[in-house]
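Hi,

Here is the structure I promised you. Have a look at it first, and my notes on the aromatic side chains follow below.

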Amino acid sequence: MWLTDPDSFVSLAQEPDSSASDESLYFVFIDGELLSIVEAGVPRPVSGDEFRWVDAEVDAKIYLGTWRSLHCYAIEARGTPAAPYILGDLHSWLGRVESSMFYLAGRAKQMVDWNKDHMFCGRCGSPTTDHATDRAKQCRECGLINYPRLSPSIIVLVRRGDEALLARNSGWRHGMYSTIAGFVEPGESIEQTVHREVLEEVGLEVENLRYLGSQPWPFPNSLMLGFHADYRSGEIACNDDEIAEARWFHYDNLPNRPGSTAISGWLIDTFVDERRQLAG
C-alpha cells in the first residue's frame with residue numbers, strides 16, 4: 001500500500017531542550033524558499049549545528065516532532081545565505097529526495113505558512129497565541145481557535161479497458177500529462193467530487209470508484225485522495241480552462257507523466273502493473 005513505511009511518519013515527541021538540538025533537522029524557509037545543502041546532487045535540510053553558520057534571523061521556530069529519532073523543526077527566517085547553503089523551491093526536491101523526506105519538508109512548509117497567516121484572529125483581529133495543548137492558534141480576546149488548514153481534494157485515474165485517460169494542464173510544459181484532480185466543495189462527499197470533477201473537466205461519466213490511497217501535497221495545503229474509476233459514458237470535451245487536452249492512452253504507450261513520488265504517478269503505475277499482469 002501507499003505510504004506504509006514507518007519511516008514516513010513523524011512522532012510528536014516532547015521537544016528537547018536547546019542543548020540537544022545540534023543534530024536536529026532544520027527545515028528553514030526564507031522568502032518562501034527552502035534552505036538546503038546539496039550533496040552528490042541530492043538536497044537535504046541543514047542540521048541545527050549547521051544553521052548556526054547561516055546568516056539569517058529567525059522569525060518563527062516550530063517543533064514538528066521526531067523522524068528516525070531526529071528532532072525536526074520548521075523555521076521561518078530572514079537573510080541571505082552564502083555557499084554552501086542554497087535556496088530553492090520545494091518543487092525542486094520532488095523526485096530528488098526519498099519520499100518520506102519530501103513529505104516532511106512539505107509538512108514544515110505548511111506549518112510555517114499557517115503560523116505566518118494566523119498571527120491575528122480572523123474574527124476580531126486580535127493577536128493570537130499558541131494553544132496550550134493542541135497544535136493550534138487561539139485568540140487572546142474572543143477565544144477563537146484555528147487549526148492548521150487542510151484542503152481535501154481528489155485525484156483520479158479514469159480507466160477504459162487497457163486505456164487510461166490523461167490530461168495536459170494548460171499551465172504545464174508541453175508534453176506533460178497527468179490524472180484528473182480537484183478540490184472538494186462544501187457539503188460534498190469525496191465520491192461526489194470524483195464524479196463532478198471528471199464530468200466538469202473532461203465531460204465523461206464514471207463508475208466503479210476504487211480508493212487506493214492518499215498523499216499530503218503542500219502546494220499549498222492539500223490532502224489528495226487517490227482513486228481509480230471506470231469509464232461509463234460520454235465523449236472527451238475539455239470544459240475547464242485549465243485543461244488544454246485530454247486523451248486515451250494505452251498502458252504500453254504512455255506520454256511524459258509525473259514520477260511515482262507524486263500520487264498521480266503512483267496511480268498510473270498501479271494501473272500499468274495491473275494491466276500487464278492480466279496480459280500475462
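One of the residues I kept coming back to is Phe-249, which counts as buried because its relative accessibility is 7%, below the 20% cut-off. Bear in mind that this is a predicted model.

Now for the ring pairs. With centres within 6.5 Å as the criterion, the count comes to ten aromatic pairs. Take Phe-102 and Trp-217: their ring centres are 6.1 Å apart and the planes meet at 50°, so this pair is tilted. Phe-102 belongs to helix α2 (residues 99-117) and Trp-217 to strand β14 (residues 205-217), so to speak a link between distant parts of the chain, 115 residues apart. Both Phe-102 and Trp-217 are buried.

Phe-249 has a partner too, namely Tyr-177. Here the centres lie 5.2 Å apart with the planes at 70°, so the pair is edge-to-face. Again distant parts of the chain are linked: Tyr-177 comes from the loop between β12 (163-169) and β13 (180-183), while Phe-249 is in strand β16 (residues 243-250), 72 residues apart. Tyr-177 also counts as buried, with a relative accessibility of 7%.

There is a cluster to look at as well: Tyr-26, Phe-51, Tyr-63 and Tyr-73 form one aromatic cluster. Tyr-73 has Lys-61 over its face, 4.5 Å from the ring centre.

And where does the charged end of Lys-137 sit? You'll find that charged end over the ring of Trp-114, at 5.8 Å from the ring's centre.

Cheers

Notes. Residues are numbered from 1 along each chain as its sequence is written. This is a predicted model: local features need pLDDT of at least 70, side-chain atom pairs count only at pLDDT 80 or more; totals for chains, interfaces and linings use all residues. Side-chain values use heavy atoms; hydrogens and water are left out. Rings of Phe, Tyr and Trp (its six-membered ring) pair if their centres lie within 6.5 Å; planes under 30 degrees apart count as stacked, over 60 as edge-to-face and the rest as tilted. Helices (H or I, at least four residues) and strands (E, at least two) are DSSP runs, numbered from the N terminus. Buried means under 20% relative accessible area, exposed over 50%, partly exposed in between (1.4 Å probe, protein chains only). A charge sits over a ring if NZ of Lys or CZ of Arg is within 6 Å of the ring centre and within 35 degrees of the ring normal.
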